[in-house]
Amino acid sequence: MYDMDELTLITEEEIISLLHEVKDPEIPRVSVVELGMITGIKISADNKVEVRMTPTFAGCPAVEILKSEIKNKVLELPVEDVEVKVDFDVQWSTDMITEEGRKHLKESGFALPAHLNNELISIDLLTNVECPFCGSKKTRLRNPFGPTLCRAIHYCDACSQAFEQFKPV
Amino acid sequence: MSDNTQAIKNLLFRMADDDLIIGHRNSEWTGLGPILEEDIAFSSMAQDKLGHAQALYNILHSLGEADADTLAFTRNEKNFYCCHFVEYPIRDYDFSLMRHFLFDTADAIRFDMLTNSSCQPLANLAKKVRGEIKYHTMHANIWISQLGKATDESNIRMQAALNECYPLALGIFEKSDYESVLIDSGVFDGEELLQKVWTDIVSEIIEKSNLKMPDINEANLSTLAFGGRKGYHTEFLQPLLDEMTEVYSIDPAAEW
């Protein structure tokens, strides 16, 4: 029989803290946890782990890479097995990005998404976005589509620079 | 679940195939857009549409169909259920833009309606993608309004595109044999309601953009628009499928 005191039980907190090391492949300052992509963690009695994640955009090409990175990361812990499930049971929104995540996005040069509070995006929420470089709101939306699905392109009239926004969705 | 599974699958195939084919057509603007922003916009919308198609094929997979790649790349045109409208080549930008407006308005309403679907995975997906599609309709609405009102030439070209696209767009709402099952089981409130809401929204934007709604009645309704939901397609679909599946056909296990 096992001595219960000697059994190493993995906790959800340990897994979450480790998953902070899995970063967005396009924005290496920001982790999948900060982005709000991790929607559930289950640890069975025999130390098998199920991680549930939801894509930022349905067509995000980074999902497969992230899935395997998450799996490999959790396998660094003494666990029996890891399964990463991708689903839309919880629907991702930019409102799910943590405060820390927003801070790291800003440090990476992105304008922040307005909070949507379960509403759909409207053009008002995409105009006069605060410039991440100079802080001015004298800015114009140039294109709601950018270099990746999650970014929009704006232009700042105050500092004459184009900048990207993590677009609200 | 058991007696309406075929109906759900049919709806999923129609939606996924529409998204896959319009996504492929959108991607044909990559590198060719009239201005850089539009090149990026159509490429991004293409990527979104492929993502939506993939997510819909994944639900089909969970209902016992093959995996997404197999569904997308190994069926011949007889087993595709997209509408004719999405199959047409991209042609000039006015045609592509008008198709984008008419198709995406319908796509947005359809997903909105499906947020209450009794098919839970589909309702969850709908709640997710409606926020993404809002960007597509916003993009379309701005361009329809700007080009409808800009110059005589732009107005004439947009009106001509509307006159050509509108009858074809009605093929989006072609019913399948499963229509009543879908409605009765609370999966989807039906093509008729979708078309009614679509007509109201489209008319409002068209009229605000100094354009005129084409006069469509039984007499001049184009029969060319219909048949896609039953597996009958335009001459444009099979060549598109051949091109899209070229790599897969050479090496189904190719790693990217």
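The model is a predicted one. Its largest pocket has a volume of about 1,700 Å³, and the second largest pocket has a volume of about 320 Å³.

**Largest pocket**

- A total of 43 residues line the largest pocket, and those nearest its centre are Leu50(B), Gln54(B), Asn58(B), Ala68(B) and Asp69(B).
- From chain A, helix H2 (63-74) supplies at least two residues of this lining.
- From chain B, at least two residues each are supplied by H1 (5-27), H2 (36-62), H3 (68-74), H5 (120-149), H9 (237-244) and H10 (246-250).
- Helix H2(B) provides the largest share of the lining of the largest pocket, with eleven residues.
- The lining of the largest pocket is made up of 24 nonpolar, ten polar and nine charged residues.

**Second largest pocket**

- The second largest pocket has a lining of 15 residues.
- Nearest the centre of the second largest pocket lie Trp92(A), Ser93(A), Asn118(A) and Glu119(A), together with Lys127(B).
- The lining of the second largest pocket comprises six nonpolar, four polar and five charged residues.

**Packing of H4(B) on H6(B)**

- The crossing of H4(B) past H6(B) is right-handed.
- On the H4(B) side, the contact is made by Asp94(B), Phe95(B), Leu97(B), Met98(B), Arg99(B) and Leu102(B).
- On the H6(B) side, the contact is made by Arg157(B), Met158(B), Ala161(B), Leu162(B), Glu164(B), Cys165(B), Tyr166(B) and Ala169(B).
- The contact of H4(B) with H6(B) involves ten nonpolar and four charged residues, and no polar ones.

**Largest cavity**

- The volume of the largest cavity is about 60 Å³.
- The residues lining the largest cavity are Met15(B), Asp18(B), Asp19(B), Phe103(B), Ala106(B), Asp107(B), Arg110(B), Phe111(B) and Ile172(B).
- Helices H1 and H4 of chain B are the elements that give two or more residues to this lining.
- Helix H4(B) contributes the most to the lining of the largest cavity, namely five residues.
- In the lining of the largest cavity, five residues are nonpolar and four are charged, while no residue is polar.

**Second largest cavity**

- The second largest cavity has a volume of about 40 Å³.
- Its lining consists of Ile22(B), Asn26(B), Phe42(B), Lys49(B), Ser96(B), Arg99(B), His100(B) and Asp104(B).
- Helices H1, H2 and H4 of chain B are the elements giving two or more residues to the lining of the second largest cavity.
- The lining of the second largest cavity divides into two nonpolar, three polar and three charged residues.
- Arg99(B) lines the second largest cavity, and Arg99(B) also takes part in the contact of H4(B) with H6(B).

Technical notes: Residues are numbered from 1 along each chain as its sequence is written. Chains are lettered from A and ligands numbered from 1 in the order in which they are written. This is a predicted model: local features need pLDDT of at least 70, side-chain atom pairs count only at pLDDT 80 or more; totals for chains, interfaces and linings use all residues. Side-chain values use heavy atoms; hydrogens and water are left out. On a 1 Å grid over the protein atoms alone, a cavity is a set of points where a 1.4 Å probe fits but cannot get out, and a pocket is an open set with protein on both sides within 12 Å along at least five of seven lines; lining residues have an atom within 4 Å of a point. Grid points are joined across faces, edges and corners, and a volume is the space filled by probe spheres set on the points. Helices (H or I, at least four residues) and strands (E, at least two) are DSSP runs, numbered from the N terminus. Ala, Val, Leu, Ile, Met, Phe, Trp, Tyr, Cys and Pro count as nonpolar, Asp, Glu, Lys and Arg as charged, and the others, Gly among them, as polar. A crossing is left-handed if the near helix is turned anticlockwise from the far one by less than a right angle, and right-handed if clockwise. Contact means heavy atoms within 4.5 Å.
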